Amino acid sequence: MRKSLICTAITALLLAGCTTGNNDGVTLDELEHVHSVATDGEEFFLASHHGLYFWSGDSWQLRGEEFDIMGLAIDDGVFYASGHPGPSQDLPDPLGILVSKDAGETWEPSVLTGEVDFHLLEVAGTTVVGVAANYGMVVASADLGQTWTSLEVPPLTSLALNPLNGNEILLASDGALFLSEDDGVTFFPATAPPGLSLIEWSDSRIYLSDGSTIFAGSTPEGPHVALLQEFTNILGIAAHGEAIMVLDDQGVHISRDSGASFTLLP
């Protein structure tokens, strides 16, 4: 189920809350529909059908109110989410973009409320880029969502913004890597390992995945060096600083040393 929602669904597109919910926590297998992963370098998060879950040290705990989070981004300590309202939210469907300045404890509507459901969402400074699922297009904003333009891009499986320069966008299409340095107006091929499906551009490195291996590099053109850890059908990657979070068929793996070692969460 996780595979179909994270990978297959993305490709098809382009043809006042409580602190914790269940105090006992849940396992990954108990969560329904994990759509994406995220980290701020300190904590690790799952964007799920039933809300934002964080790793407490021994289980996954709900943070804030329940709602269906399809797209999730963290930039400079601010959380951005999109999807569909939960049972306690008096908000239109879809949610547009919600913003949280307290790490997901509470959320407020920001832009496109009742208009757009973003299944991929990236934020860097004042730049926002996302896959608008209900319109089947990729859109971008240079002013935190006040104005929008549509981007002419090939069918993609992943995209990422340079967190230090929102003008630069990477995307994976048909197993290859493409880079834009002009806000997505034009894209050109970038050197990368073949068969790419996922991209994560952190504040320190760029991570590329072909489904079983993660490659790391300091620039879009590489060199891209494979991490020693092997994975099984990688579904999501998140990174910040030395922290890396990987979701695959085995579960959630975390690293706090830039990928030198990983721990599989129980």
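Modeller: What follows is a discussion of a predicted model, from the whole chain down to single residues.

Colleague: What does the secondary structure come to?

Modeller: The chain has 1 helix and 24 strands.

Colleague: And what are the overall dimensions along the principal axes?

Modeller: The C-alpha trace spans about 45 × 40 × 30 Å.

Colleague: How much of the chain is buried?

Modeller: Of the 266 residues, 55% count as buried. The accessible surface is about 11,200 Å², and carbon and sulfur atoms account for 51% of that surface.

Colleague: Which residues have the most contacts inside the largest nonpolar core?

Modeller: They are L28, L46, Y53, W60, M245, L247 and V252, in a core of 19 residues. Elements giving two or more residues to this core include strand 1 (34-39), strand 2 (44-48) and strand 23 (251-255). Strand 22 contributes the most, with 3 residues. There is also a second, separate core of 14 residues, with V78, V123, V128 and V139 among them.

Colleague: Let us turn to S202. Is that residue buried or exposed?

Modeller: S202 has a relative accessible area of 4%, under the 20% limit, so S202 is buried. The residue sits in the loop between strand 17 (198-201) and strand 18 (206-209).

Colleague: What does S202 touch, leaving aside residues up to four places away in sequence?

Modeller: S202 touches P163, Y207, A239 and H240.

Colleague: Now the backbone. Where are there cis peptide bonds?

Modeller: One runs from D93 to P94, with omega near 5°, and another from G222 to P223, also with omega near 5°. P94 is in the loop between strand 6 (78-84) and strand 7 (97-100). P223 is in the loop between strand 19 (214-217) and strand 20 (225-226).

Colleague: Which residues other than glycine have a positive phi?

Modeller: Among them are N233, at about 55°, and S258, near 60°. Most residues other than glycine have a negative phi. N233 lies in the loop between strand 20 and strand 21 (236-240) and is partly exposed at 22% relative accessibility. S258 is in the loop between strand 23 and strand 24 (263-264).

Terms used. Residues are numbered from 1 along each chain as its sequence is written. This is a predicted model: local features need pLDDT of at least 70, side-chain atom pairs count only at pLDDT 80 or more; totals for chains, interfaces and linings use all residues. Side-chain values use heavy atoms; hydrogens and water are left out. Helices (H or I, at least four residues) and strands (E, at least two) are DSSP runs, numbered from the N terminus. Buried means under 20% relative accessible area, exposed over 50%, partly exposed in between (1.4 Å probe, protein chains only). Accessible areas come from the Shrake-Rupley method with a 1.4 Å probe; for residues, only the protein chains shown count as cover. A nonpolar core is a set of buried Ala, Val, Leu, Ile, Met, Phe, Trp, Tyr and Cys residues joined through side-chain atoms within 4.5 Å. Contact means heavy atoms within 4.5 Å.
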